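Please examine the protein below together with its sequence.

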Amino acid sequence: MMKEKLEEKKEEIRCCYKITDTDVTVLLKMIEIGEPITSEDLADIFKLSKTTVENSLKKLIELGLVERSKKEGKKIGRPKFYYSITSNILEKIRNDLLECAKRMELAAT
């Protein structure tokens, strides 16, 4: 239910947050998955480069839509990071879209 509703609002989400189609697609997939995931796994899902996915994730983190956490335990080599949707994501998106709509309405008057 929720995924379809967000899918219908894809263009509004892209416009409100000033992000790319790829960013929105990554966000919606993460909401659908519903659990922490690595950038490598997301890159595999979308058949995109890890760099492209990480650029999207970076933007989504800056917007407060995604959080990054380090996997504990591995001491050798680079740390492995997991990305997850922030809590109350639907409420945040809804409030942000309403705020965005208000700003657009004011700009049009």
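Glu40 is partly exposed, with a relative accessible area of 33%; buried means under 20%, exposed over 50%, and partly exposed in between, for a 1.4 Å probe with protein chains only. This is a predicted model, in which local features need pLDDT of at least 70 and side-chain atom pairs count only at pLDDT 80 or more, whereas totals for chains, interfaces and linings use all residues. Residues are numbered from 1 along each chain as its sequence is written, and side-chain values use heavy atoms, with hydrogens and water left out.

The partner of Glu40 is Lys50, and the two side chains meet in a salt bridge at 3.5 Å, N to O. The pair links distant parts of the chain, with Lys50 in helix H5 (residues 50-62) and Glu40 in helix H4 (residues 39-46), 10 residues apart. A salt bridge here is a side-chain nitrogen of Lys or Arg within 4 Å of a carboxyl oxygen of Asp or Glu. Lys50 is itself partly exposed, at 36% relative accessible area.

Lys50 also forms a salt bridge with Glu54, the closest N and O atoms being 3.6 Å apart. Lys50 and Glu54 are four residues apart in helix H5, so about one helical turn separates them. Salt bridges that share partners also join Glu11, Arg14 and Asp21 into one network. In helix H3 (residues 21-33), Lys29 and Glu32 lie three residues apart, about one turn of the helix, and they form a salt bridge with closest N and O atoms 3.3 Å apart. The count of salt bridges comes to eight.

The cysteines give a count of zero disulfides, a disulfide being a pair of cysteine sulfur atoms within 2.5 Å. The sulfur of Cys15 is 5.4 Å from the closest cysteine sulfur, in Cys100, and is therefore too far for a bond. Cys100 is likewise in no disulfide, and its nearest cysteine sulfur, that of Cys16, is 3.5 Å away. Cys100 counts as buried at 8% relative accessibility, while Cys15 is partly exposed at 39%.

Turning to the whole fold, the protein chain has six helices and two strands, where helices (H or I, at least four residues) and strands (E, at least two) are DSSP runs numbered from the N terminus. From the N terminus on, the order is α-α-α-α-α-β-β-α. The C-alpha trace spans about 60 × 25 × 25 Å along its principal axes. Of the 109 residues in the protein chain, 28% are buried.
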